[in-house]
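Me: Could you take a close look at the aromatic rings in this one for me? I'd like a connected walk through them, plus whatever you can say about the strand pairing.

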Amino acid sequence: MTDIAAVKAALAGQRIETPSWGYGNSGTRFKVFAQAGVPRTPWEKLDDAAKVHEFTGAAPTVALHIPWDRVDDYAALASYAKERGLKLGTINSNTFQDDDYKLGSVCHPDATVRRKALDHLLECVDIMDATGSKDLKLWFADGTNYPGQDDVRERQDRLAEGLAKVYERLGDDQRLLLEYKFFEPAFYTTDVPDWGTAYAHCLKLGDRAQVVVDTGHHAPGTNIEFIVATLLREGKLGAFDFNSRFYADDDLMAGAADPFQLFRIMYEVIRGGGFTPDVAFMLDQCHNIEAKIPAIIRSVMNVQEATAKALLVDRAALTAAQRSGDVLTANAVLMDAYNTDVRPLLGEVRKELGLDADPVAAYHRSGWAAKIAEERVGGQQAGWGA
């Protein structure tokens, strides 16, 4: 039998980091769609993030993206976050939005470009020192489009060299989180295309180098929960980027495309001992056509629901069925947990935390959307152009 009190305690302590870029304008490669009230500065992004945490009670940290969130005084930004009940979380680098990076960044054949990319990554560690952030997340758009364009093995050597220099710069309590993506924007080879490549580099770097699993960065049909289980077994799973995709890296709301997959992933996290602060839960999403703050609140709730269902799995019954070879019973145990309506349970958890049982409804009643639409007029909205 499942200990409901223990499940509620686990859910009450769950923390999910929201991305600063999720509050800004975004779109497709054809068009970015502006919305009223979108933040113009990192400070305003934190104001919106504070509302997500206010109504969910589960999103106290905000990931920054450099240079999108560059400011003159990062310590002041961290203080501003603290005043709003937040902390600055993961620092994300950007080595893909500069003309010099057309042929790559840390894997570029030109040493001058590699040096530029490395200097940016080291700058990100400096920012971590100023904000108190513990994690540096690296995703590289590096790769090639045509056979023969560059030496594939040499590119791995350049990558290893750059990562080693960044790792050496980290403080004792800081981590390097390496993300992978199987294609895009490079179409022939991608320099960090899969979890195995990321794992190999992290293994060589040391204990403070960990792999990031972005749930949108896999080919259709990939068994992501197997990857999660393996990385946990090896002690190399550092973080998740939660989102959904129907085709490729759509960056849709977590749990939107395949909530059953998200449940299966969360079960392996819990079964493998990964439901701890050592494995960071982050959202990595863009909200192109939907209202941003309610979408982020919904995404936090979706991760919470998948987690609650995973916590409800009768582990003793599942183990007994597995060891006796009872395939149907084992599957039924998992399905019973997945088919449980956990919304009332989560509503109870929120009420016990002094929150509204329905965070989305509470947000809409707050009037925040109308307030920011009225006040945030003029200036340059945050986002990226297309």
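**Aromatic pairs, then a buried strand**

Reply: Let's start with Trp68, which is partly exposed at a relative accessible area of 30%. Keep in mind that this is a predicted model. Phe96 also counts as partly exposed, with 30% relative accessibility.

Trp68 and Phe96 make up one of them, an edge-to-face pair with 6.4 Å from centre to centre and 85° between the planes. This pair ties together distant parts of the chain, as its two residues are 28 residues apart. Trp68 belongs to the loop between strand S4 (61–65) and helix H3 (74–83), while Phe96 belongs to the loop between strand S5 (87–92) and helix H4 (111–131).

Now for a stacked example: Phe240 and Phe242 have their ring centres 4.9 Å apart, with 10° between the planes. Phe240 and Phe242 are both buried. They also belong to a cluster, in which ring pairs link Phe240, Phe242, Phe275 and Phe281.

Rings here meet charges too. Over the ring of Tyr80 you'll find the charged end of Arg84, 3.4 Å from the ring centre.

On to the strands, with S8 (residues 175–179) as the one to zoom in on. Five of its five residues are buried, so S8 is largely enclosed by the rest of the structure. If you follow the side chains, Arg175, Leu177 and Glu179 point one way from S8, and Leu176 and Leu178 point the other way.

As for partners, S8 pairs with strand S6 (residues 135–138) in the parallel sense, over four bridges. S8 also pairs in the parallel sense with strand S10 (residues 209–214), again over four bridges. Leu136 has Leu176 as its bridge partner in S8, and Leu176 stands opposite Ala209 in S10.

Methods
Residues are numbered from 1 along each chain as its sequence is written. This is a predicted model: local features need pLDDT of at least 70, side-chain atom pairs count only at pLDDT 80 or more; totals for chains, interfaces and linings use all residues. Side-chain values use heavy atoms; hydrogens and water are left out. Buried means under 20% relative accessible area, exposed over 50%, partly exposed in between (1.4 Å probe, protein chains only). Two strands pair if DSSP finds at least two bridges between them. Rings of Phe, Tyr and Trp (its six-membered ring) pair if their centres lie within 6.5 Å; planes under 30 degrees apart count as stacked, over 60 as edge-to-face and the rest as tilted. A charge sits over a ring if NZ of Lys or CZ of Arg is within 6 Å of the ring centre and within 35 degrees of the ring normal.
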